[in-house]
Amino acid sequence: MTDRRDEAVSVLRENRHDGYTIPSATLYPYQWNWDSAFIAVGLAGVDPEAAKRELRTLLSAMWDNGMAPQIAFWADAEGYFPGPDEWEAGNGDVQTSGITQPPVVVPAARHVYETTGDDAFRDELLPLLDRHLSWWVDERSFDGDTVYVRHPWATGMDDSPAWLSVLDSFDPEDITDDLDYVREDRKSDELSDQRPTDWDYDRYVALVRQGKALDWDEAALREACPFLVEDVLTNSIFVRACDDLAALYAAAGDESKANEWRRQAEHSRAGMRERLWDEELGTFVSYDRVNDRKLRVNSVAGLTSVFGEVPTNEQFASLRTNLRENFLRYDYGCPSYVGPDMDYDRYWRGPVWMNVNWLLVDGLRRYGATETADRIEQDSLELLDREGFREYFNPETGAGRGSDRFSWSAALYLDWTT
Ligand code: 2M8
């Protein structure tokens with residue numbers, strides 16, 4: 001193993017708790033949903049038993065209705081807001097947050113299964129994965145095709161500029177009468193300039209307090225929540241998850257279930273092509289169901305549609321031009337957002353993130369766009385080799401940002417260098 005691979009393994013070991021891996025010891029001390037999925041992808045090749053355990057733990061935090069929470073609070077920890085007392089949610093075994101994150105758990109489970117060939121693991125996970133994706137269709141879709149989220153944190157791209165107009169469409173004090181809280185995420189002056197603003201945080205917290213006041217009741221929140229968004233990133237991953245669940249069923253010899261999920265993938269893909277495509281920008285965008293409008297922002301989220309093989313060949317041609325001309329003109333690909341007020345250093349408003357690059361590289365290869373995929377993969381490896389396993393990176397200078405020894409950066413390095 002190279003020194004860098006050894007170091008990646010030791011980052012994951014250091015961040016490992018009992019059956020799961022925290023994203024970072026300095027900023028995120030609990031189990032996060034899509035982080036664990038990316039971590040399992042990286043662990044599959046170096047410690048398959050740990051990879052399986054990571055996914056089992058993640059799925060054991062699932063609620064009875066099939067919601068897989070964004071955070072599972074397995075052990076007490078200091079230094080994160082909002083913690084378990086703020087959410088007041090869980091499944092009886094573990095306290096959790098009241099929102100979800102993109103269902104990367106299914107592609108990750110397929111990856112771990114195909115790496116290990118462990119049929120018993122596949123059969124153990126199948127009903128859980130099915131319950132989770134069924135929850136998306138039953139509880140989180142207006143039309144049975146595209147799915148929605150009800151908090152920016154659920155998208156994983158918390159302060160994406162795509163959410164600004166939705167967050168601006170309501171007054172946080174109209175949905176909660178308590179906006180008192182203390183942020184824990186600005187541990188240094190440098191980090192203060194990189195994290196979301198207080199304006200954003202007021203709205204994040206108000207949405208959490210509204211959810212809690214309504215006991216996290218889906219039907220009530222569908223009526224009351226001012227943030228109901230068909231996020232393009234979540235939908236791209238959801239479509240891929242349906243395909244991957246179908247592949248797992250096919251491997252188990254259950255063709256009828258495999259066909260059911262293939263049909264769902266096709267149906268959701270069609271919904272995305274119809275409602276989320278933006279011809280002028282040359283990308284897919286998210287949709288605000290409360291105000292019935294597209295959120296026309298050129299975010300890397302739209303490009304990740306390739307992970308779900310959503311673009312038609314014609315759409316892919318426009319999307320690739322957009323990717324090359326607007327995103328890959330920076331020294332390091334692929335920035336999370338391009339457009340007015342792009343901020344090279346602030347969180348999801350411009351910096352390069354490894355998990356999104358990994359989705360993009362995988363998807364671009366599916367379209368045969370090898371050169372573009374290679375460019376993004378090489379940029380990613382160069383950044384990780386030079387700067388270490390940082391959380392995100394400035395697309396112009398490549399400087400590492402956010403926390404250090406960040407788990408998914410280490411995990412995806414391992415996957416890319418297998
Ligand atoms: C960031 O989000 C959390 C809330 O979920 C936060 O800022 O407190 C995001 O980058 C998210 O995508 C990620 O899952 C999480 C943990 O790494 O951190």
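**First stop: two loops**

Begin by selecting aspartate 215, which lies in the loop between α11 (198-213) and α12 (218-224). Helices (H or I, at least four residues) and strands (E, at least two) are DSSP runs, numbered from the N terminus. Residues are numbered from 1 along each chain as its sequence is written. The model is predicted: local features need pLDDT of at least 70, side-chain atom pairs count only at pLDDT 80 or more, and totals for chains, interfaces and linings use all residues.

The phi of aspartate 215 is near 55°, a positive value in a residue other than glycine. Aspartate 215 is exposed, having 11 other C-beta atoms within 10 Å. A residue is buried if 20 or more other C-beta atoms lie within 10 Å of its own, exposed if 12 or fewer, and partly exposed in between, with C-beta atoms placed from the backbone.

Next select aspartate 341, in the loop between α16 and α17. Its phi is also positive, at about 60°, although aspartate 341 is not a glycine. Aspartate 341 is exposed, with 10 other C-beta atoms within 10 Å. Most residues other than glycine have a negative phi, and most peptide bonds are trans.

**Cis peptide bonds**

In the loop between α16 (313-327) and α17, select cysteine 334. A cis peptide bond with omega of about 5° joins glycine 333 to cysteine 334. Then move to proline 82, in the loop between β2 (71-73) and α4 (84-87). The bond from phenylalanine 81 to proline 82 is cis, with omega near 0°.

**Helix α19 and its surroundings**

Select residues 407-416, helix α19, where 9 of the 10 residues are buried. Those buried residues pack against α1 (3-14), α2, α17 (354-366) and α18; two residues are in contact if their C-beta atoms, placed from the backbone, lie within 7 Å.

Valine 41 counts as buried, with 28 C-beta neighbours inside 10 Å. Leaving out residues up to four places away in sequence, valine 41 touches Ala108, His111, Ala411 and Asp415. Valine 41 and histidine 111 are 70 residues apart in sequence, yet their C-alpha atoms are 6.5 Å apart.

Continue to arginine 390, in the loop between α18 (370-387) and β10 (392-393). Arginine 390 is buried, with 22 other C-beta atoms within 10 Å. Its contacts beyond four places in sequence are Gly400, Arg401, Gly402, Asp404, Phe406 and Ser409.

**A helix pair**

Select α6 (residues 119-139) and α13 (residues 232-251), whose axes come within 10 Å and cross at roughly 145°. Axes are lines fitted to C-alpha atoms, for helices over the stretch in contact, and angles run from 0 to 180 degrees between N-to-C directions. Among the residues making the contact are Leu126 and Trp136 of α6 and Phe238 and Leu245 of α13.

**A three-stranded sheet**

Three strands form an open antiparallel sheet in the order β5-β8-β9; two strands pair if DSSP finds at least two bridges between them. β5 (229-230) and β9 (293-295) stand at the edges with a single partner strand each, so one side of each has no neighbour in the sheet. Select tyrosine 287 to find it opposite lysine 294 in β9.

**Last stop: the ligand**

Which residues are around the ligand? They are Pro23, Tyr28, Trp32, Trp34, Asp35, Gln70, Trp153, Gly156, Asp158 and Asp185, each with its C-beta atom, placed from the backbone, within 6 Å of the ligand.
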